[in-house]
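Keep the sequence and the model open as you read.

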Amino acid sequence: MTNTTTRLATWNVNSLNVRLPHMLQWLNSDAADLVAVQETKLTDDRFPVDALTEAGWHSAWHGQKTYNGVALISRSPIEDVTTGIPGFDDTQARVIAGSVGELRMICVYVPNGQAVGSDKYSYKLEWLAALRRYIADSLREHPRLVVSGDFNIAPTVDDTHDPDRWEGNILCSDAERAALAALLDTGLTDAFTCVEPPEQRFTWWDYRQGGFRRGHGLRIDHHLISAPLVEAFGDFRIDIEPRRWERPSDHTPVICELRGN
DNA sequence: ATGGTTGCTCCGCAA
């Protein structure tokens with residue numbers, strides 16, 4: 001038997017400590033083969049490697065105290081793991097990359113930016129410029145590249161529930177969208193655009209104001225895939241179920257299925 | 001709503 005598909009996922013779990021039962025349940029439901037995880041909020045010594053190993057998964061992690069933290073979780077072994085953006089001095093744990101077979105995945109937790117014009121917004125734009133350089137360099141070495149994660153950018157007006165509330169504000173400003181477009185200009189495609197847009201296209205709903213119940217969401221979690229992966233593209237879907245579970249993350253998993261690998 | 005929730009930590013900050 002040959003393995004005919006690889007399902008890539010990205011999921012901002014908003015604390016892997018709190019969400020580990022959800023993650024294990026979701027992994028055990030055979031939902032994905034390789035998962036980019038953001039906001040683990042765990043120092044490296046507290047990463048739940050034993051629970052994941054017992055469940056049959058390989059993992060790699062890059063964490064810090066209280067905030068941020070990223071990880072890769074995979075059925076197959078993960079090789080050549082690197083953390084951070086080369087040449088970009090960052091005290092925040094937001095990037096981990098690894099190879100599974102011929103595939104290279106860069107898992108990113110892009111800064112939120114807080115508010116347009118703030119110091120955190122400047123950091124976000126500088127960070128995205130550094131990520132662009134990193135992606136361009138990575139593509140030369142790894143033609144089969146996917147950049148998956150919480151980008152904290154809604155690409156278009158259709159990716160928000162309320163343009164009056166969001167257009168021009170944080171996650172939806174022109175400069176952020178231009179920075180995302182610059183990432184794509186390196187030779188990547190938003191896997192979401194490889195299928196007909198589904199009715200439900202959001203990936204995050206604010207905990208506040210009953211955001212999920214009211215459908216007040218955004219599409220900010222993405223898979224950016226290189227040209228060889230577009231050739232292998234099979235399917236794209238947003239798995240809304242974990243957002244319905246008790247004590248959920250504010251984000252839900254997003255899956256990109258590739259043929260082959 | 002410039003915030004009504006959540007998670008972490010030390011009780012404010014980040015999202």
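The axes of H3 and H5 come within 9 Å and cross at roughly 10 degrees. Axes here are lines fitted to C-alpha atoms, for helices over the stretch in contact, and angles run from 0 to 180 degrees between N-to-C directions. H3 and H5 are therefore roughly parallel to each other. Angles under 35 degrees count as roughly parallel, over 145 as roughly antiparallel, 65 to 115 as roughly perpendicular and the rest as oblique.

This is a predicted model: local features need pLDDT of at least 70, side-chain atom pairs count only at pLDDT 80 or more, and totals for chains, interfaces and linings use all residues. Residues are numbered from 1 along each chain as its sequence is written, chains are lettered from A and ligands numbered from 1 in the order in which they are written, and side-chain values use heavy atoms, with hydrogens and water left out.

Which residues form the contact of H3 with H5? From H3 come Tyr121, Lys124, Leu125, Leu128, Leu131, Arg132 and Ile135; from H5 come Ala175, Glu176, Ala179, Ala182 and Leu183. Contact means heavy atoms within 4.5 Å. These residues divide into nine nonpolar, no polar and three charged. Ala, Val, Leu, Ile, Met, Phe, Trp, Tyr, Cys and Pro count as nonpolar, Asp, Glu, Lys and Arg as charged, and the others, Gly among them, as polar.

Now turn to the sheet. It is open, with six strands in the order E5-E6-E7-E8-E12-E9 and mixed pairing. Its edge strands are E5 (79-83) and E9 (188-190), and each pairs on one side only. From one strand to the next, the twist averages 20 degrees. Two strands pair if DSSP finds at least two bridges between them. Helices (H or I, at least four residues) and strands (E, at least two) are DSSP runs, numbered from the N terminus.

E5 and E6 (residues 95-100) run antiparallel, joined by three bridges. Thr82 stands opposite Ala97 in E6. E7 and E8 pair in the parallel sense over six bridges. Here Arg104 stands opposite Leu145 in E8. E8 is mostly covered, with six of its six residues buried. Buried means under 20% relative accessible area, exposed over 50%, and partly exposed in between (1.4 Å probe, protein chains only).

How do the helices sit on the strands? H3 (residues 119-141) lies across E5, E6, E7 (103-109), E8 (145-150), E9 and E12 (221-226), and runs at about 175 degrees to E7. H5 (residues 174-184) packs on the sheet as well, touching E9 and E12; its direction makes about 130 degrees with that of E9.

Two loop residues flank this region in the sequence. Ser173 lies in the loop between H4 (163-166) and H5. At 4% relative accessibility, Ser173 counts as buried. Beyond its neighbours within four places in sequence, Ser173 is in contact with Val116, Tyr121 and Gly168. Gly187 is in the loop between H5 and E9. Gly187 is partly exposed, with a relative accessible area of 37%. Leaving aside neighbours within four places in sequence, Gly187 is in contact with Ile225, Ser226 and Ala227.

Step back to the whole chain. Chain A has seven helices and 14 strands. Along its principal axes, the C-alpha trace of chain A spans about 50 × 45 × 40 Å. Of its 261 residues, 56% count as buried.
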